Amino acid sequence: MIRDPIREGLAAGWKVTDASRLERDLVLDTDVAIVGTGAGGGVTAEILTAAGLDVVMVEEGPLRSSSDFHMLEAEAYPQLYQESAARKTLDKAITILQGRCVGGSTTVNWTSSFRAPEATLAFWRERFGLGALTPGELAPWFERMEQRLAVGAWTVPPNENNAALARGAAKLGIATAAIRRNVKDCWNIGYCGMGCPTNAKQSMLVTTIPAALARGARLVCGARADRLRLHRGRVAMLECAALDPRGVHATGKRVRIRAKHYVLAAGAIGSPAVLIRSRAPDPHRTLGRRTFLHPTVISAAVMPQRVDGHAGAPQTIFSDHFLEQGPVDGPIGFKLEAPPLHPVLFGMTLQGFGEPHATLMGAFPHAQVLIALLRDGFHPESRGGAVGLRDDGSPVLGYRLTPVVWEAVRRALLAMAEIQFAAGAKSVLPVHERAQAYSSWAEARAEIGALPLEPLLTRVVSAHVMGGCGMADSPQRGVVDAGGRHFHLANVSVHDGSVFPTSLGVNPQLSIYALTARNASALAADLTRKAPPPIG
Amino acid sequence: MPTRRQFLKYGVAGALALAAAGIARSQPAYRAASGQEPLTVLGAEDRAVLAAIAPAMLAGIGVGAERRDAVVGSVDRAVAGLPPHLQREVLQLLALLGSWPGRRWIAGVGSPWPEASREEVAAFLERWRFSRWALLQQGYHALHDLVLAAWYARLDSWPAIGYAGPPEVK
């Protein structure tokens, strides 16, 4: 019997309100209101409560825990993901996977843990005046969060999906390395994306949020932060709408939170959206701009042997070879990884329909898939997208795939196919409506070279939304300072991936944890006028 | 293949039909009898459109009438779980396809949906898939994702692809 720390905590009297059940409006007073419970919100809640501050966390999604995680896509996507995992950019050319549940994307991510690369930090120091963000400054925060979340080497042999990446790359002289993971006693099952059924993944759901709740923090889930009420350069109140049990429609009940300070941690689409709905000052038109995605393209191979990409820890091998071929702001580089494969996501992602699609699906046990994550935001012509609002106030990201991105997409599709053939693939299929399964590297090279790279023909996905409330040394180039404090609203901080001035070039969770730990600790010291106690 | 000129004409007709459909169908068709949640949002016309499209999308799998209807039901529940802006888009798309001008002139399907052959439906899907109009490509992708997700979410779809389902965890 697996213990469920959330159900135990609820039974012990945690102060959790499911807003879908509210029969009347709710008004709460607190020291700090935190919007969002993902990587930024969770770490902030733990650190602020450790400093003795009273905290209210607001989460749009539901509170679900290991007892609810049945490893079924049909349950997980509608319950745990933004827009049922069908969130897309404005032109519908890019599918965006983001969590929407207590724990945010950390509840459903694939556990990949990387420190922000020095090349990225150097670019921020040079171009955005973030001189404080040196490797030396951040190292203790990385160490602290790695210890807190059990980030460590994964010593179990990689599953075949990842082993093929290592094997194919090695044949071509391309370096790969092992991905560190934030897990304890992991069962090596492979269903991280549907919520960890064994609580091995050290997500916010089972670490920082329980710690904060145990110290008396309050959590309101099923409530969407609508807007901040502004008064003389400060926020006077946070207004939230209660949602029905499936999180689709507002019930009409309101949650109002009055706090001394407000932390936005709603992710890089959600946080800018709250500020835009609130009509936050934006004199230099930086809010919601420079939003990055690590646009990701996909190559599916069929191997002679079984791969069973659904089984075993996902994403345990990576290659940064193609990030290291030139200057960081030169032609866009990409990171290679091997994702988990499950029938619904795989079936939706593969091109075509009818018999050709059914034939591809028939090879599911032999499917080996690589993804290339493009490092956007460095090249002068890679300026990212912009978050805007629909008529109903919901956010939408416009992101134009520019020629410099498409140039990198072609290199990425070629690189992945070559590695897959080197790993022994019988055929390789770039995920593109005009592509076929190619049976040799020579054929693939010629055909990929001629593919028309356009939106809605080339499958592009993203699981890493970053930017939109970028850090900088001045309001001309960003929304918040290097400490996450808003340039125009005295009692607002942003603690999530939206503060990154470019993409990271690595999976973002650990960088959000570390930067948030640093900035939340400074905030706690500021609000309490004393140094905060250590995390944990 | 229609000429560019025809496309432009149909494009305008399509925009009009889409607008009309949007006005006619700004609210979900049905709401659950009790409680506030709409558990199902598709009307009979929408279901007829999907019942014709699903067998073409799933050709090669051997989905009979019973499982086809179950897939349509799954799509209905999935749409009901989407955020309101996405629900509206899907309902507009299905209303457009369900309308006579939409089916005849924009989808290019001559027969009423229940009588349309699988080949006729597949040809329409293929035209939209490679259409020069982003709106039609987006429509294709919406149908692709809704139907294939509904199918591969089903436990009885897994044996054909050699997937045993999740392991037991206790």
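**Helix packing, chain contact and one residue**

In this predicted model, B:Ile53, B:Ala54 and B:Met57 of α2(B) meet B:Leu143, B:His144, B:Val147 and B:Leu148 of α7(B).

Student: How many residues of the contact of α2(B) with α7(B) are nonpolar, polar and charged?

Tutor: The α2(B) side consists of B:Ile53, B:Ala54 and B:Met57, and the α7(B) side includes B:His144. The division is six nonpolar, one polar and no charged.

Student: Is α2(B) roughly parallel or roughly perpendicular to α7(B)?

Tutor: Helix α2 (residues 44-57) and helix α7 (residues 134-152) of chain B have axes 10 Å apart, at an angle of about 80°. Angles of 65 to 115 degrees count as roughly perpendicular. Therefore α2(B) lies, relative to α7(B), roughly perpendicular.

Student: Which helix gives the most to the side of chain A that touches chain B?

Tutor: In the contact between the chains, 41 residues of chain A face 38 residues of chain B. At least two residues each come from α3 (73-80), α10 (343-349) and α11 (354-362) of chain A. With six residues, the helix that gives the most is α11(A).

Student: Is A:Ile276 buried or partly exposed?

Tutor: A:Ile276 sits in helix α9 (residues 267-277) of chain A. Beyond its neighbours within four places in sequence, A:Ile276 contacts A:Leu287, A:Gly288, A:Val387 and A:Leu389. Being buried takes 20 or more other C-beta atoms within 10 Å. A:Ile276 has 19, so A:Ile276 is partly exposed.

Definitions and conventions:
Residues numbered from 1 in each chain as written. Chains lettered and ligands numbered in written order. Predicted model: local features only at pLDDT ≥ 70, side-chain atom pairs only at ≥ 80, totals over all residues. Helix = DSSP H or I, 4+ residues; strand = E, 2+ residues; numbered from the N terminus. Buried ≥ 20, exposed ≤ 12 C-beta atoms within 10 Å, placed from the backbone. Contact = placed C-beta atoms within 7 Å. Axes fitted to C-alpha atoms, helices over the stretch in contact; angles between N-to-C directions. Parallel < 35°, antiparallel > 145°, perpendicular 65-115°, else oblique. Nonpolar A, V, L, I, M, F, W, Y, C, P; charged D, E, K, R; others polar.
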